[in-house]
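Dear colleague,

Please find below the structure that I promised to hand over to you.

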Amino acid sequence: MVFSSITFLFYFLPIVLLCYFVLFKKHKNTVLLIASLFFYFYGEPKYILVLLFSCLINYVSGKLIEKMTKYRTLILVVDLVISFGLLFYFKYFGFLVANLNTVFSLEMVIPNIVMPIGISFFTFQATSYTIDIYKGEVKSAKNFWTFTTYLSLFPQLVAGPIVRYETVQNELKQRKNSKETFAAGVKRFTIGLAKKVLLANVLGELVAILAEGTDASILSYWIEAIAITLQLYFDFSGYSDMAIGLGLLFGFHFLENFNYPLIAKSITDFWRRWHISLSSWFKDYVYIPLGGNRKGIIRQCINILIVWCLTGLWHGASWNFVLWGLYFGVLLIIEKTLLKRVLKLHPHLARIYTFILIVISFVIFHFNDYHELIQFLKGMFGKLTIPLVSQETIYYLRSYGVVLFISLFAISPLGKQLVNSLAQKPRFKRIIDVLEVGYYFVLLFVSVSFLVDDTYNPFLYFRF
């Protein structure tokens, strides 16, 4: 079940909200727990046992780490081995077997293992919980059901953001539900739904059309590459917006996961803005324990490459993801050692430089076939015998020009800043307040209309 579906919007969510606000306060977590387990069961019936097993192992480990201080390191190691062992089996075992067959000319049967939805996300959340208990930064959950509610909370269960226990531990015990918070949640959810349905899905159609085109040009390759980048951004940031909005409906305040990353002034800045919860996880639980930047520049560069190799693998069991991660690792090293001062001197050029490199990165991310990737990159940089522009390119640019323009405008905070500045003036504030209601209503109505009429509604990050 995805948030951008009729089933979720008109059946699941209304029923959960009704039960949540009708029942007494002490039963609200029970409602969320049952709803979250049903939400996961609806999409992955048999793999709900994997989720519950992960909850049990990490809850018990957290309690034992607190109580058995003499063996706390051993308990943590066992917990991490089991948790990441599950992740490895479901996500990477088939990939390992396939590569062993290729390298050593073996004929082992490649297992057909279906990956549980969201296993990368809930594994990282669960392990951050036990590690934080080990470090003394949080206390263990009051009981198993409280921890299971945290780990299975449906707004962020299958695609993040990666919510750490310390962020919501107080709200799991006691949280306030107000009209203001609920209204903010509706607005945020609507924005995310519109990003997903009105922008990401339409951009996905453009990508599919250009990929099947018969009259390619250098411009068409660049339009497709930009569309791939924008689709990924609006798809994932839209889901994060919906998750944060749903959290607000139930009184939870999840941390931001995106902060206009496509206007970053450097690759370092980009990763402070893109998938913030994942970046901070790797920084706190891998990069800093490896030594971070405390042991000299050579060790720092090695640590960066390790982290970004793992970041790439986190996204999927495919070599293009490893290449994607190492691509960013190398760029980060170059920035830290050579380009740091230059990027600060030319901020506008820095944005252009960063955007181009980001677009290239998501081309690598998009293609898991090496030959298709090389062919696409050649097309982008004029290494194929194709024209600069073609009639087909102009046709699709005109057809999707409005969506591309809106998308490129929406990746910056300019619209938000303009509205906020006008709202500071009394004569405009009342008008903006009235228009705001209409704006969100129209966005919701049009988004739902698109869902009713359209069958193209993939969610890219479910595969992670």
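His275 lies in the loop between helix H10 (267–273) and helix H11 (276–290). Helices here are DSSP runs of H or I with at least four residues, while strands are runs of E with at least two, and both are numbered from the N terminus. Before going further, please note that this is a predicted model, in which local features need pLDDT of at least 70 and side-chain atom pairs count only at pLDDT 80 or more, while totals for chains, interfaces and linings use all residues. Residues are numbered from 1 along each chain as its sequence is written, and side-chain values use heavy atoms, leaving out hydrogens and water.

The phi angle of His275 is near 45°, a positive value in a residue other than glycine. His275 has a relative accessible area of 0%, and is therefore buried. Buried means under 20% relative accessible area, exposed means over 50%, and partly exposed lies in between, with a 1.4 Å probe and protein chains only.

Ser105 also has a positive phi, near 55°, and is not a glycine. This serine is in the loop between H4 and H5. Its relative accessibility is 65%, so Ser105 counts as exposed.

**A buried proline**

Pro116 is found in the loop between H4 and H5, and it is buried because its relative accessible area is 0%. Contact means heavy atoms within 4.5 Å. Leaving aside residues up to four places away in sequence, Pro116 touches Tyr40, Glu44, Tyr47, Val50 and Phe90. Glu44 is 72 residues from Pro116 along the chain, yet their C-alpha atoms are separated by 6.9 Å.

H3 has 20 residues and reaches 29 Å from its first C-alpha to its last, close to the 28 Å expected at 1.5 Å a residue. The expected span is 1.5 Å times one less than the number of residues. Buried residues of H3 include Ile48, Leu51, Cys55 and Ile65. Among the elements covering the buried residues of H3 are H2, H4, H5 and H6.

Which residues make a nonpolar surface patch of about 570 Å²? They are Leu56, Val60, Leu64, Met68, Tyr71, Leu74 and Val78. Helix H3 (48–67) and helix H4 (72–104) each give two or more residues to it, and H3 gives the most, with 3 residues. A patch is made of residues with over 30% relative accessible area and no salt bridge; like charges are joined within 9 Å, and nonpolar side chains (Val, Leu, Ile, Met, Phe, Trp, Tyr) within 5 Å. A salt bridge is a side-chain nitrogen of Lys or Arg within 4 Å of a carboxyl oxygen of Asp or Glu. Val60, in helix H3, has a relative accessible area of 35% and is therefore partly exposed.

**Buried positions in other helices**

Thr149 is in helix H6 (residues 144–152). With a relative accessible area of 2%, Thr149 is buried. Not counting residues up to four places away in sequence, Thr149 touches Asn29, Leu32, Leu33 and Leu172. Leu172 is one of the buried residues of helix H7 (residues 165–173).

Ser407 is found in helix H16 (residues 391–410) and is buried, at 0% relative accessibility.

**The two domains**

The chain is divided into domain 1 (6–175) and domain 2 (181–452), with bounds from an automatic or database domain assignment. Their centres, taken over C-alpha atoms, are separated by 26 Å. In all, 39 residues of domain 1 are in contact with 35 residues of domain 2.

Yours sincerely

Notes:
Areas by Shrake-Rupley, 256 points an atom, 1.4 Å probe, with all protein chains shown as cover.
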